[in-house]
Amino acid sequence: MPLILAVNAGSSSLKISLFQRQANDLPRLLLTSSTSSISSPPAKFNFEVIDVPGSESTSSGNKESVEEGIRDHESAFEHFVQRLSRYAEDLKRATQVPDEDRLNLELSQIRNVCHRVVHGGNYLEPVAITEQTYHHIERLSDLAPLHNGAALRVIHAAMAVLPNSRSTAFFDTAFHKHLPPHVVAYAIDQNVARKRGLRKYGFHGLSYAFITRSVAQYLGEDPSQLNIIALHIGSGASACAIRGGKSIDTSMGLTPLSGLPGATRAGDIDPSLIFHYTSQASLDVENGGRILSHKGDAAREVHISDAERILNTEMGWKALAGTTDFGEIVRKAFPRSVSEKPDDNEHALAYNLLLDRILHFVGAYHLVLQGHVHALVFAGGVGEHSVELRSKVGEAVSCLGFAAVDERANEGVEEKKGVVVDIGNTGQCGKRVLVCRTDEQGEMARECSTIEDFW
């Protein structure tokens, strides 16, 4: 069966999964790769074989390495392709694999390359990359500067290195195509809004699609009947209200900036804050505090590119606590032993601010769903790994009828197998509290395998 390459480009990372298409079944995951610290070299490269017969006899299988030659997303993709080629050659020499089990992983077998693209604008379905679609995505890069640009660079590299494979864009915005008009609209002149595409789009859609399908299967529900509040909490963080398997509200908007704070994003702020934040005006003391004085011509003009750079890359946990590592924030905010002292209040502030904003959205979406909620679902790097955050959110939402978090189950998530893990007290009735190990690459591969026109 032919192969599918699923590519997920982050602002400074590249995650790649190789799948085999299967008849009447989900794609089979063969191997994964990740490259991190692309923008702060040296880059770290990981290559892990998951399910390939004969891999144990090869010398180019599972490897972790520091790669000085990786300078950007293009060279990261090219490095992966070179490593895959060497592995495929080694695999052909594996003599102990029966012919019926032997896999051909040569590059010529890759029929489709699926690219996660954060902002798709008015594209509501996956699209094959052509000159026209490439430039459309390029024009949207200003609305998702941390991701669309990286995705385009990888798309360019893939089309050069794998010219016989179809490159297809899968959009995070597409899952939110059913948002109601009053949710999509901002309170601005709608003629201007329509002309310029100024509306809520929503993001993390590939993750929410995977979560919806996986949770429905876990609960034995028809996806079209599933109501959940999903939290994708990672370096980028968002919340989504899902009714009948469709997104009816989400925290991110025109760009990924709005909603929950992230590692380097501010989240929801007063729109005028950026002008005061960057002002060169003098600071006056009034009533024991400090306020901006706009006497004279001290205020400087802030261009949109400056504002977006600051709000995308200099805010969030990084601005509050000096780190983008949420695990470090938790450790320093809440020391585990009496001999340790809190580093300062900055880490506790970053933690409590995120917790507060999460609860705002969970409460609002519970009302939007009129209380008819099957489960609250945690996903993403922080959602899947932060025991403390899940515990605090679970404690707060118990008043809404969610099962109390079972601390033993919550602390044991890492050891549990399966895509979905229940961390609620199983002895209680009520709405479930779940963790879902989301898989954006897997969701792209699954969707790709079902589109007959791609084969």
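## A walk through the predicted model

At 5% relative accessibility, threonine 173 counts as buried, since the cut-off for buried is under 20%. The model in which this residue sits is a predicted one. Threonine 173 belongs to the loop that runs between strand S8 (166-171) and helix H4 (181-184). Apart from neighbours within four places in sequence, threonine 173 is in contact with Val118, His119, Gly120, Gly121, Tyr123, Tyr201, Gly202 and Phe203.

The loop between S8 and H4 also holds lysine 177, whose partner glutamate 125 is in the loop between S6 and S7. Lysine 177 and glutamate 125 form a salt bridge, with 2.6 Å between the closest N and O atoms. Because the two residues lie in these separate loops, the pair ties together parts that are 52 residues apart in sequence. Both ends of the pair have intermediate accessibility: lysine 177 is partly exposed at 36%, and glutamate 125 is partly exposed at 43%.

Eight strands make up an open sheet with mixed pairing, in the order S5-S4-S3-S2-S1-S6-S8-S7. Its edges are strand S5 (63-67) and strand S7 (127-128); each has a single partner strand, so one side of each is left without a neighbour in the sheet. Within the sheet, S8 runs parallel to strand S6 (residues 110-117), and six bridges join the two. Cysteine 114 has threonine 168 in S8 as its bridge partner.

Two helices that pack on this sheet come next. Helix H1 (residues 73-92) touches strand S1 (3-9), strand S2 (14-20), strand S3 (28-36), strand S4 (43-49), S5 and S6. The direction of H1 makes about 35° with that of S4. Helix H15 (residues 440-450) also packs on the sheet, where it touches S1, S2, S6 and S8. The angle between the directions of H15 and S1 is about 140°.

The loops between the sheet strands have some backbone features to note. In the loop between S2 and S3 is asparagine 24, which has a positive phi of about 60° although it is not a glycine. Asparagine 24 is exposed, with a relative accessibility of 83%. Serine 37, in the loop between S3 and S4, likewise has a positive phi of about 60° without being a glycine. The loop between S3 and S4 also contains proline 42. The peptide bond from proline 41 to proline 42 is cis, with omega near 10°.

Salt bridges can be followed from helix H1. The whole structure has 16 of them. One joins lysine 92 to glutamate 89, with the closest N and O atoms 3.2 Å apart. These two residues are three positions apart in helix H1, so about one helical turn separates them. Lysine 92 is partly exposed at 44% relative accessibility, as is glutamate 89 at 37%. The pair is part of a salt-bridge network that links Glu89, Lys92 and Glu106. Another salt bridge brings together the side chains of arginine 93 and aspartate 90, at 2.6 Å from N to O. Here the two ends have contrasting accessibility: arginine 93 is exposed at 55%, whereas aspartate 90 is buried at 15%.

Six of its six residues are buried, so S9 is largely enclosed by the rest of the structure. The cover extends to both faces: Ile228, Ala230 and His232 are buried on one side, and Ile229, Leu231 and Ile233 are buried on the other. S9 pairs with strand S10 (residues 237-243) in the antiparallel sense through six bridges, and a hairpin of three residues connects the two strands. Alanine 230 has cysteine 240 as its bridge partner in S10. S9 also pairs with strand S14 (residues 375-379), here in the parallel sense and over five bridges. In that pairing, leucine 231 has phenylalanine 378 of S14 as its bridge partner.

Ile269, Leu273 and Tyr277 make a nonpolar surface patch of about 260 Å². Isoleucine 269 is located in the loop between strand S11 (246-250) and helix H7 (273-277). With a relative accessible area of 32%, isoleucine 269 is partly exposed.

Technical notes. Residues numbered from 1 in each chain as written. Predicted model: local features only at pLDDT ≥ 70, side-chain atom pairs only at ≥ 80, totals over all residues. Heavy atoms only, no water. Buried < 20%, exposed > 50% of the residue type's maximum accessible area, 1.4 Å probe, protein only. Helix = DSSP H or I, 4+ residues; strand = E, 2+ residues; numbered from the N terminus. Pairing = 2+ DSSP bridges. Contact = heavy atoms within 4.5 Å. Patch = residues over 30% accessible without salt bridge, like charges linked within 9 Å, V, L, I, M, F, W, Y side chains within 5 Å. Areas by Shrake-Rupley, 256 points an atom, 1.4 Å probe, with all protein chains shown as cover. Salt bridge = Lys/Arg side-chain N within 4 Å of Asp/Glu carboxyl O. Axes fitted to C-alpha atoms, helices over the stretch in contact; angles between N-to-C directions.
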